[in-house]
Structure formats: C-alpha cells, structure tokens
Amino acid sequence: QVQLVETGGGLVQAGDSRRLSCAASGVTFSLRDMNWYRQAPGKGREFVARIGASGVSTYYADSVKGRFTISRDNAKNTLYLQMNSLKPEDTAIYYCTIQTPTRAYWGQGTQVTVSS
C-alpha cells in the first residue's frame, strides 16, 4: 500500500523559509518522478515542482521559480521542498504526489500559512 506523509508545514512570516518533507512507503521510490502541488483557500490544486527519479532533473512553476527548491533522498525514500522568501500568496495546503503505472497517489497534505 502506497503511503505519502507530508510534514513541515506551519505558520511563518513573509520572507521566512520553511522545508517540507514527504516520506514515501509501499512504492519503489527511486524509480518514480515526484511532484509537489498546493491548494490555496478557494482555489484548485496548482502544480509547484517536479523532480526526476534520479534527482537530476527538476521543473518549477513560474510562481515559485528561484525561491523554492525540490530535492529528494532516495536512500531515505523522502522528498523535500525548500521554500525561501515566502509570500502570503504561498499560503496553501502542500501535497506530494507520485505517479505509478496504475494511478497517482497523494499525501494528506501539510498546511503552510504565510502572514504578512
């Protein structure tokens, strides 16, 4: 059974940094691309960042490019999102996702709230 557990959310001030983690189990983590998405209050889910299975290739939404860094530790089956220079508009629930040959899996999400 695939499980994704996000941690690291919380209340921060604008300009602060925060690192989110996503621990994966029940899947061959090192073979799968991983993604971060977010959902702001009253809005749909928005793509944030993607990282290839080896960790070499990364891709970011324009809204976070230059401020957020996605990374992974395949030995620990863990995905990370380092968020710097946070803005109030980054307030959202952040989800990690993994796509397997049969379906996509989502974690339960972790709330990040950025106060101005």
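Mentor: Start with the hairpin of β4 and β5: 5 residues lie between the strands, and Gly42 takes a positive phi near 75°. Keep in mind that this is a predicted model.

Trainee: How do β4 and β5 pair, and over how many bridges?

Mentor: Antiparallel, over 6 bridges. Gln39 stands opposite Arg45 in β5.

Trainee: And β5 with β6, how many residues sit between them in the hairpin?

Mentor: There are 6 residues between β5 and β6. Gly55 is in that turn, with a positive phi of about 90°. Strand β6 covers residues 58-60 and runs antiparallel to β5, joined by 3 bridges. Ile51 stands opposite Thr58 there.

Trainee: Zoom out. How many helices and strands in the protein chain?

Mentor: 0 helices and 11 strands.

Trainee: Which strands make the open sheet, and in what order?

Mentor: The order is β1-β3-β8-β7, 4 strands with antiparallel pairing. β1 (3-7) and β7 are at the edges with a single partner strand each, so one side of each has no neighbour in the sheet. The twist averages 15° from one strand to the next.

Trainee: What joins β3 to β8?

Mentor: 6 bridges, with the strands running antiparallel. For a specific pair, take Ser21: its bridge partner in β8 is Tyr80.

Trainee: What does Tyr94 touch?

Mentor: Leaving out residues up to four places away in sequence, its contacts include Leu20, Trp36, Val48, Phe68, Leu81, Met83 and Val112. Glu6 and Arg38 are also among them.

Trainee: What share of the residues is buried?

Mentor: 42% of the 116 residues in the protein chain.

Trainee: And what radius of gyration does the chain have?

Mentor: 13 Å. A compact globule with 116 residues would be near 13 Å, so the two agree. The C-alpha trace spans about 40 × 25 × 20 Å along its principal axes.

Trainee: How about the accessible surface, what does it come to?

Mentor: About 6,000 Å², and 46% of that belongs to carbon and sulfur atoms.

Trainee: Last one. Among contacts between residues at least 6 apart, what fraction joins residues at least 24 apart?

Mentor: 52% in the protein chain.

Note on methods:
Residues are numbered from 1 along each chain as its sequence is written. This is a predicted model: local features need pLDDT of at least 70, side-chain atom pairs count only at pLDDT 80 or more; totals for chains, interfaces and linings use all residues. Side-chain values use heavy atoms; hydrogens and water are left out. Contact means heavy atoms within 4.5 Å. Two strands pair if DSSP finds at least two bridges between them. Helices (H or I, at least four residues) and strands (E, at least two) are DSSP runs, numbered from the N terminus. Axes are lines fitted to C-alpha atoms, for helices over the stretch in contact, and angles run from 0 to 180 degrees between N-to-C directions. The radius of gyration is taken over C-alpha atoms; the globule rule is 2.2 Å times the number of residues to the power 0.38. Buried means under 20% relative accessible area, exposed over 50%, partly exposed in between (1.4 Å probe, protein chains only). Accessible areas come from the Shrake-Rupley method with a 1.4 Å probe; for residues, only the protein chains shown count as cover.
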